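Me: I am new to this structure. Please take me through it in short questions and answers.

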Amino acid sequence: MIRQVLVCTGKVLPDKSDVNKQEAREHLVSGNCLYLTPDLYVRLDNLVREHAGMPLEVFDLDERRSGVLEPMDWANCSPAGSDRYRRSSEKVSAEITAIEIANKIPLDEIRSARRLELDLVRDIPLELFYEWLVWHEIHHSVHDDPVVAAGLDNCVHPEIKSAGDRIKIMQAMELEADRASFNRLFPESTLKAGTPAGIKKVRSIEPYLVLLHEIRAKRGIKRK
Ligand SMILES: [Zn+2]
């Protein structure tokens, strides 16, 4: 099991023991997938409720992918329709705001994922991968990124003048959420892209972090 301590601040502290890390890995990994376990779900749900003020929902990856979900969509923080509410035998649908995560994540997708600065295999230990993913979504959620992104689709931000600007703002959101989630796990470490081309790309996106903060400020979204 993962030896982590959920303290009153909500911060999850990873155990430093290699033996326990190995146990955690064996417990979470089966076949070609990383699995969300019941114990881990409880800890992460507490984290999401404390830091984002909403529940953590789990979706079945295979079921969702029979629909429209793209590969590597392992989580999201958009308002979700839910039909889990029932009044006697009648299903009652309601829209709830929740962070959603997949019940499992294929390991080959983790290996082949391309992030702007993060190398998910090098930088995020597998036993902390779900926690990193949840912190990433918490960051999006508390900064109202789904709403800002919807505004980009509907061209409501006058600061965004071109399709290129729109892509860079979306990349800035991802860059920031990756940095924030990494810093939650490893507050003493700093991320850096692994290649000169990667560093150059990050530098081209960083000015858009300023624009992103301006858009949030106009919406009354405070930086946390
Ligand atoms: Zn994201």
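Me: How many bridges join β3 to strand β4?

Reply: This is a predicted model. Strand β4 covers residues 33–35, and β3 runs antiparallel to it. Val29 stands opposite Leu34 in β4. The number of bridges joining β3 to β4 is two.

Me: Why is one side of β3 and of β10 left without a neighbour in the sheet?

Reply: The open sheet has three strands, in the order β3-β4-β10, and its pairing is antiparallel. β3 (29–30) and β10 (104–106) stand at its edges. One side of each lacks a neighbour in the sheet because each has a single partner strand.

Me: Do β5 and β9 pair in the parallel or the antiparallel sense?

Reply: Strands of a sheet pair through backbone hydrogen bonds, either parallel or antiparallel. Four bridges link β5 to β9, which spans residues 99–102. Val58 has Ile101 of β9 as its bridge partner. The sense is parallel.

Me: Which element gives the largest share of the largest nonpolar core?

Reply: This core has 26 residues, and Leu44, Val48 and Tyr130 are among those with the most contacts inside it. Two or more residues come from each of α2, β9 and α6. The largest share is six residues, and it comes from α6.

Me: How many residues are in the second, separate core?

Reply: This core includes Met173 and Tyr208. Leu212 and Ile215 also belong to it. Its number of residues is 10.

Me: Where does pLDDT stay under 50, with 28 contacts beyond four places in sequence?

Reply: Across the chain, the mean pLDDT is 82. A value of 70 or more is reached by 76% of the residues. The stretch that stays under 50 is residues 1–15.

How values were computed: Residues numbered from 1 in each chain as written. Predicted model: local features only at pLDDT ≥ 70, side-chain atom pairs only at ≥ 80, totals over all residues. Pairing = 2+ DSSP bridges. pLDDT = per-residue confidence, 0-100. Contact = placed C-beta atoms within 7 Å. Core = buried A, V, L, I, M, F, W, Y, C linked by C-beta atoms within 7 Å. Buried ≥ 20, exposed ≤ 12 C-beta atoms within 10 Å, placed from the backbone.
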